[in-house]
Amino acid sequence: MQFHHHGYVSGDPRVSPAAGTGVDRPAELPDEVDVLIVGAGPAGMILAAQLSQFPEITTRLVERRPGRLAIGQADGIQARSVETFQAFGFAGRIIDEAYRITEMSFWTPDAADPSKIVRSDRPVDDATGVSEFPHLIVNQARVLDYFAEVMASSPTRMTPDYGLEFVGLEVADSAARADGAARADGAGGEFPITVALRATAGEREGHERTVRAKYVVGCDGARSGVREAIGRQLVGQSAAHAWSVMDALAVTDFPDIRTKCAIQSQAGSILLIPREGGHLFRMYVDLGEVAADDNGAVRTTTVEAAIARANRILHPYTLDVKDVAWYSVYEVGHRLTDKFDDVSDGQPDRIPRVFIAGDACHTHSAKAGQGMNVSMQDGFNLGWKLASVLTGRSPESLLHTYSAERQVIAQNLIDFDKEWSTLMAKKPEEFADPKELGRFYVSTAEFPAGFMTEYPPSMLIGDATHQWLATGFPIGKRFKSAPVVRVADGNPVHLGHHARADGRWRLYAFPGAAVATPEGDRAFDMWAEWLGTSSQSPVMTFTPTGADRDSVFDVKVVYPQAHIEVDISAVPPIFLPRTGPFGLIDYEKVYATAPGDDIRQQRGIDQHDGCVVVVRPDQYVAHVLPLTATTELAEFFAGNMVPITQ
């Protein structure tokens with residue numbers, strides 16, 4: 001973590017000085033805002049946390065609840081989400097608090113006595129090392145708390161506006177124009193959306209008011225009012241199968257009560273997930289098929305009936321439930337909207353003004369542990385794009401990429417969840433092999449871990465012409481970090497852990513056979529010189545006058561040799577930028593290969609020619625290019641950014 005570059009910091013360095021909209025932030029919701037977020041669930045909170053880092057943007061988040069969420073429905077945190085938490089600065093703390101999944105037990109009927117269950121398999125959770133971060137279980141409410149802390153500690157001092165519900169909205173006809181390139185004041189300085197809100201708590205309960213906004217994002221759940229207001233519908237069907245779910249404290253002789261389990265017996269199925277704190281666990285209990293004429297009767301299943309069914313499934317083991325913190329019954333359903341914004345297919349040039357994210361645009365079963373995770377990635381994807389447009393870095397046309405990228409991902413999730421939930425609902429005798437469910441879990445591990453997302457070529461994703469230069473950084477997929485050594489102090493670090501959710505692009509330079517000496521390497525030195533001085537360089541073209549050199553592009557180098565062999569005085573200046581009012585040198589952009597843990601071998605970096613890996617603000621690889629491809633690098637950013645004109 002870096003601080004002191006603006007002067008000595010004696011307090012908590014995680015708390016940024018108030019700036020811009022955070023100075024004397026009004027307690028009351030203002031009449032005009034740049035972005036209005038509706039709903040303080042996972043998608044809304046990560047979106048707000050991202051936008052809170054931009055003091056020039058007025059962002060407000062309204063939530064119909066009167067205060068913070070006390071207990072959340074979701075609890076599974078995939079490794080991809082923990083990588084995202086690292087970008088917001090709280091991965092380590094939430095790991096310490098959470099339950100960590102290291103393996104999963106599969107229980108099936110005993111062949112000798114099918115009325116009893118036996119453990120049939122116990123695979124590890126991440127056998128291939130898909131991430132350096134673990135798979136976690138922690139209450140959704142705590143995840144929201146961490147994002148609320150990020151918001152409150154940001155320059156904007158953002159906090160949710162509780163006790164306000166969405167009533168409706170109207171978008172002015174003038175907002176339907178195409179933009180060309182957004183002005184630096186953001187969307188032409190207009191507020192074309194009028195939003196009606198109603199107070200749900202306090203002295204003004206029932207009172208209605210309106211707010212004007214440039215953009216609105218509906219993160220208001222499966223019954224989204226924002227979705228309805230823009231004419232989108234959740235389309236899909238129910239699987240006609242019901243489950244009860246409870247967070248419970250119990251005394252039991254079941255040996256795997258502190259291990260994630262898929263339990264299948266003649267009496268039904270249970271998905272058991274230990275929770276944080278060492279005692280609590282979540283239990284999904286199979287209630288069976290739902291009759292066509294049920295009319296919702298299954299949802300009245302009592303907690304006592306669910307516990308009794310669980311005991312039948314667990315035989316010969318018993319479960320004495322002492323306390324239930326939360327209980328619900330749901331029917332498996334899979335639904336999706338056709339688009340995640342307010343632009344119709346017949347309006348390709350219209351700029352989107354209203355967006356939906358999370359459960360507002362995709363719903364599925366809870367057992368795959370994907371809902372909260374995919375919702376947060378929706379918010380992360382949209383947040384930096386809105387910030388780029390509103391700060392004048394990118395054209396408004398960039399906002400088309402949100403729906404284009406995320407709708408496909410949601411469909412992939414639904415397809416996976418249908419298969420997983422169907423397998424979980426199967427009866428033991430319907431499996432050809434008792435280990436079939438376990439094999440599916442292992443073979444598809446990368447998907448539920450959150451790493452199968454791969455964005456196609458677009459204005460934000462380059463083609464794969466030069467993928468061979470870095471085969472371990474697939475273009476369109478998330479940037480997979482690896483160990484390196486920081487040259488200035490010899491500290492071993494993870495290359496990707498230095499990146500923060502600050503809206504900046506990352507350029508990682510990997511010299512070929514270069515050695516950082518006064519002689520240097522010609523191709524690499526020419527690239528570094530071009531990036532730092534040429535009028536064609538994206539750093540020179542898109543960095544505002546007077547701003548820190550690394551305020552838009554965070555440029556790093558990873559040398560092929562050991563750190564003690566790198567002469568830091570021979571490192572090109574672009575990797576040692578001056579920062580802050582004192583012009584201090586940033587030494588944390590120069591790295592070397594870690595002994596016995598060569599990032600270049602791990603990620604397939606070409607040993608002779610090297611390359612540059614371009615990474616988006618949301619941690620996805622956007623391009624891989626040769627160090628000689630300066631024209632291609634300039635053209636790529638010319639397609640998604642706006643040159644500085646002042």
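Arg100 stands opposite Leu136 in β7. Strand β7 covers residues 135-137, and three bridges join it to β4 in an antiparallel pairing. Helices and strands here are DSSP runs (H or I, at least four residues, for helices; E, at least two, for strands), numbered from the N terminus. Two strands pair if DSSP finds at least two bridges between them.

## Basis of the model

This is a predicted model, in which local features need pLDDT of at least 70 and side-chain atom pairs count only at pLDDT 80 or more, while totals for chains, interfaces and linings use all residues. Residues are numbered from 1 along each chain as its sequence is written, and side-chain values use heavy atoms, with hydrogens and water left out.

## A seven-stranded mixed sheet

A second open sheet has seven strands, in the order β20-β19-β25-β22-β21-β26-β27, with mixed pairing. Strands β20 (492-494) and β27 (621-625) form its edges, each pairing on one side only. Neighbouring strands are turned by 30° against each other on average, direction ignored.

Inside this order, β22 (residues 553-559) and β25 (residues 590-593) run parallel and are joined by three bridges. Val557 has Val590 in β25 as its bridge partner.

Helix α10 lies across β21 (505-510), β22 and β26 (611-615). It runs at about 165° to β22. Axes are lines fitted to C-alpha atoms, for helices over the stretch in contact, and angles run from 0 to 180 degrees between N-to-C directions.

Helix α10 (residues 522-533) also meets helix α13 (residues 630-638): their axes come within 11 Å and cross at roughly 35°. Trp527, Trp530 and Leu531 in α10 meet Thr630, Leu633 and Ala634 in α13. Contact means heavy atoms within 4.5 Å. The residues of this contact divide into five nonpolar, one polar and no charged. Nonpolar covers Ala, Val, Leu, Ile, Met, Phe, Trp, Tyr, Cys and Pro; charged covers Asp, Glu, Lys and Arg; the others, Gly among them, are polar.

## The β14-β15 hairpin

Strands β14 and β15 form a hairpin with six residues between them. In the turn, Gly277 has a positive phi of about 100°. Five bridges join β14 (residues 268-274) to β15, and the two run antiparallel. Leu271 stands opposite Tyr284 in β15.

Strand β15 (residues 281-289) has eight of its nine residues buried, so it is largely enclosed by the rest of the structure. Buried means under 20% relative accessible area, exposed over 50%, and partly exposed in between (1.4 Å probe, protein chains only).

## Cysteines

A search of the whole structure finds zero disulfides. A disulfide is taken as a pair of cysteine sulfur atoms within 2.5 Å. For Cys361, the closest cysteine sulfur is in Cys219, 8.4 Å away and too far for a bond. Cys361 is buried at a relative accessible area of 0%. Cys261 is buried too, with a relative accessible area of 0%.

## A buried loop residue

Ser153 sits in the loop between α4 (140-152) and β8 (161-162). It counts as buried at 15% relative accessibility. Leaving aside residues up to four places away in sequence, Ser153 touches Arg14, Val15 and Ser16.
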